[in-house]
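Thanks, everyone. I have one structure to show, and I'll keep it quick. Let me put it up.

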Amino acid sequence: MTATLVELTAGIVSSHAAGTEMNSDDLIQEINRVFTTLKKLETEGATAAEGAAAPGAPAMPIKKAFQNDQVCCLICGKTGFKTLTRHLKQAHDMKPGQYRKQFNIPASQSLTAKNYSEARRKAANENNLAANLEKARAVRAAKKDAAKPAKPVKAAAAKPAKPVKAAKAVKAKPAKAKA
């Protein structure tokens with residue numbers, strides 16, 4: 001990993017030196033400063049990544065994640081979503097149920113922004129989508145019933161009844177007295 005840090009340091013310092021005049025002492029100091037900073041970031045970044053990868057540790061408080069105008073991902077901390085479902089699938093390969101379970105989010109809490117849900121609900125009411133859905137279901141049920149062939153009723157053939165066998169008499173045993 002050190003070779004990568006050296007390459008990164010060389011690239012950063014050469015870019016900086018191309019736009020700024022530096023003498024040899026300034027250049028050496030800049031190389032040392034950039035290298036130590038990168039090394040520090042590498043070690044702190046590894047520990048921060050381990051801490052972030054800990055299951056059940058949200059990136060922010062749950063109440064802060066679900067706001068009126070946006071929803072934030074508790075895994076990566078990314079903000080600005082109207083709904084989390086697509087982000088969870090694409091970025092974290094996770095289903096909403098798994099996400100809820102990991103962070104103990106109740107089923108009553110929507111994974112969408114409140115304003116977004118209200119706008120969708122309002123648009124559905126304005127377009128009369130509930131009535132249209134009901135009509136479509138009725139048409140579908142009628143088609144399904146019409147497609148089923150009527151089953152013919154078969155006349156039951158009279159079968160001779162089997163003779164009933166007489167039950168055997170069972171002798172009753174006297175109850176034992178308890179002492």
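Start with threonine 112. It sits in the loop that runs between α5 (96-103) and α6 (114-126). Bear in mind that this is a predicted model.

Buried or exposed, threonine 112? Its relative accessible area is 16%. The cut-off for buried is under 20%, so threonine 112 counts as buried.

Now its partners. The side chain of threonine 112 makes a polar contact of 2.7 Å with the side chain of serine 110. Another polar contact, of 2.6 Å, links the side chains of threonine 112 and serine 117. Set aside the neighbours within four places in sequence, and threonine 112 touches Val71, Lys82, Thr83 and Ser117.

Next, helix α7, residues 129-147. How many of its 19 residues are buried? Zero, so α7 lies largely in the open. What about its length? At 1.5 Å a residue, α7 should span 27 Å. The C-alpha atoms at its ends are 27 Å apart, so the two agree.

Last, backbone angles. Most residues other than glycine have a negative phi. Two residues here go the other way. Aspartate 93 is not a glycine, yet its phi is positive, about 45 degrees. It lies in the loop between α4 (85-92) and α5. At 58% relative accessibility, aspartate 93 is exposed.

Asparagine 104 is not a glycine either, and has a positive phi of about 55 degrees. Its place is the loop between α5 and α6. Asparagine 104 is exposed, at 65% relative accessibility. Threonine 112, in the loop between α5 and α6, is buried.

That's my tour. Questions welcome.

Methods:
Residues are numbered from 1 along each chain as its sequence is written. This is a predicted model: local features need pLDDT of at least 70, side-chain atom pairs count only at pLDDT 80 or more; totals for chains, interfaces and linings use all residues. Side-chain values use heavy atoms; hydrogens and water are left out. Helices (H or I, at least four residues) and strands (E, at least two) are DSSP runs, numbered from the N terminus. Buried means under 20% relative accessible area, exposed over 50%, partly exposed in between (1.4 Å probe, protein chains only). A polar contact is a pair of N or O atoms within 3.5 Å; within protein, one must be able to donate a hydrogen and the other to accept it, and residues adjacent in sequence count only if both atoms are side-chain atoms. Contact means heavy atoms within 4.5 Å. The expected span of a helix is 1.5 Å times one less than its number of residues.
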